[in-house]
Amino acid sequence: MSGAASDIDVIVVGGGVVGSCVAGFLAEGGRSVMLIDDGRIGGSNANAGSLHVQMQSRFMQLYPQNVPGMQRQLPLYPKAVRFWQAFENKLGADFEIRKNGGLMVAETEDQLAFLRIKAARERELGLEVEMLDRADLDRMAPYLGPAVIGAEICLDEGKLNPLKCNAAIRRWLIGLGVVLREGEAVSALSQESSGFRVETARGATLRAGTLVLATAAGTTPLATQLGVHIPARAEPLHMNITEATAPMIGHLVQHADRMITLKQFSSGQIVIGGGWPADIVGDRDHPTVRLDSLIANATLARHIAPQIAPLRIIRTWAGVNTSVDGKGVLGPVPSVPGLHFAIPGDAGYTLGPFSAQLVANIVLGRDPGEDMTDYTPTRFA
Ligand SMILES: Cc1cc2nc3c(=O)[nH]c(=O)nc-3n(C[C@H](O)[C@H](O)[C@H](O)COP(=O)(O)OP(=O)(O)OC[C@H]3O[C@@H](n4cnc5c(N)ncnc54)[C@H](O)[C@@H]3O)c2cc1C
């Protein structure tokens, strides 16, 4: 569906989970909204459906400078998971949300020591986390292989099915009358007396008084055109999924020191990821799988949960994650009236609808209900 821009109050650029939800919440708030997306594979149409809450060891190791920011944003994660549950009810949809807890497993005493320190800090910040020994794991997670000696469990973690979520969110947007322009890149942005001029690669010129950039890894060049610096990095990642099998993995599983996420969908398929790299190739910057990532990721998965070994991997895919500084970039830029950013932070699908609600409330002139100082887009100036 597409439509005329003359009566549009807000243009949202970026149709991932965040931009879509911002558009929906603004439409519910009485604004006429246009949502534009260029159709590239971003995070939301590639993501693995983990509802992350505890700090991910992968991000702590890759970006140690971001750990203070990650800790400050941590209290938002359990809220974001509860928001997904409420959102599922509101939309009357089945997102296949399961909150069975998430394990971060250890194979050495050093890894256990790291998890103990991490758990203590997370408890201070309000998370429900506990340390488990091997006897606990034998009872609760017998699928774990003999190399695992203990784990941290975070009771707020879980999983959902992003294919179902994305489809339901799209139906919600259409029902709300959000004008969708898809497969159309925004190529130029400028300020005018009445707001913003938005030009697209198809030659359209659109106008609105309010502009929300929910463009994830595509944000930096667009923000620059409006004189704002947002250092958003693209992180292409690899995913695998197995054929279906009997239910065996109830938790979200991660590792204290190695790149792995494991979970089993309601379909019985096991989704294996955890941050193995993919490539970006071609003139359309397409994320593309790597054989070495496929092999290493699957080998590690069968080491952690040996019953995976006989299962066939039936599909692999790649997508683009976005990394800034470990915190969301959410809210207005006072020097450019009407401009707002909506980038969720690490584990951005988990944070997506909640982050979108925060930004939508600000646009609508409502109290977002959180102190937004940490997330201001002006912090990189
Ligand atoms: C393989 C993979 C697995 C992941 N698994 C999980 C997980 O299990 N749990 C979790 O919480 N998070 C996960 N993530 C991260 C999560 O998916 C992202 O953080 C989240 O989806 C970000 O949502 P978004 O709406 O901000 O961005 P995106 O979903 O990336 O959407 C941004 C959109 O903006 C569009 N865009 C950009 N520039 C322009 C432009 N100039 N014109 C028009 N459109 C533009 C892009 O094409 C894209 O569609 C994963 C990411 C990847 C890559």
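1. Which side chain has a polar atom 2.7 Å from the backbone nitrogen of Arg312? In this predicted model, where local features need pLDDT of at least 70, side-chain atom pairs count only at pLDDT 80 or more, and totals for chains, interfaces and linings use all residues, that side chain belongs to Glu243. Residues are numbered from 1 along each chain as its sequence is written, and side-chain values use heavy atoms, with hydrogens and water left out.

2. Glu243 sits in strand 13, where strands (E, at least two residues) and helices (H or I, at least four) are DSSP runs numbered from the N terminus. Apart from neighbours within four places in sequence, Glu243 is in contact with Gly268, Gln269, Ile270, Pro310, Leu311, Arg312 and Ile314, contact meaning heavy atoms within 4.5 Å.

3. The protein chain is divided into domain 1 (10-45 + 164-232 + 325-380) and domain 2 (99-157 + 233-323), with bounds that come from an automatic or database domain assignment. The centres of domain 1 and domain 2, taken over C-alpha atoms, are 30 Å apart, and 11 residues of domain 1 are in contact with 11 residues of domain 2.

4. Because domain 1 and domain 2 both give residues to the shell around the ligand, the ligand lies between them. The ligand is surrounded by 36 residues, of which the closest are Asp37, Asp38, Ser44, Ser50 and Thr350; a residue is near a molecule if one of its heavy atoms lies within 4 Å of it. The shell divides into 16 nonpolar, 16 polar and four charged residues, with Ala, Val, Leu, Ile, Met, Phe, Trp, Tyr, Cys and Pro counted as nonpolar, Asp, Glu, Lys and Arg as charged, and the others, Gly among them, as polar.

5. One lies 2.6 Å from a polar side-chain atom of Asp37, while for Asp38 an N or O atom in the side chain is 2.4 Å from an oxygen atom of the ligand. With Gly348, a backbone N or O atom is 3.2 Å from a ligand oxygen atom. Of the 1000 Å² of accessible area that the ligand has on its own, the protein covers 94%, by the Shrake-Rupley method with a 1.4 Å probe.

6. Strand 20 (residues 329-332) and strand 21 (residues 339-343) pair in the antiparallel sense over four bridges, pairing being assigned if DSSP finds at least two bridges. Leu330 stands opposite Ala342 in strand 21.

Definitions and conventions:
Polar contact = N/O pair within 3.5 Å; in protein donor to acceptor, adjacent residues only side chain to side chain.
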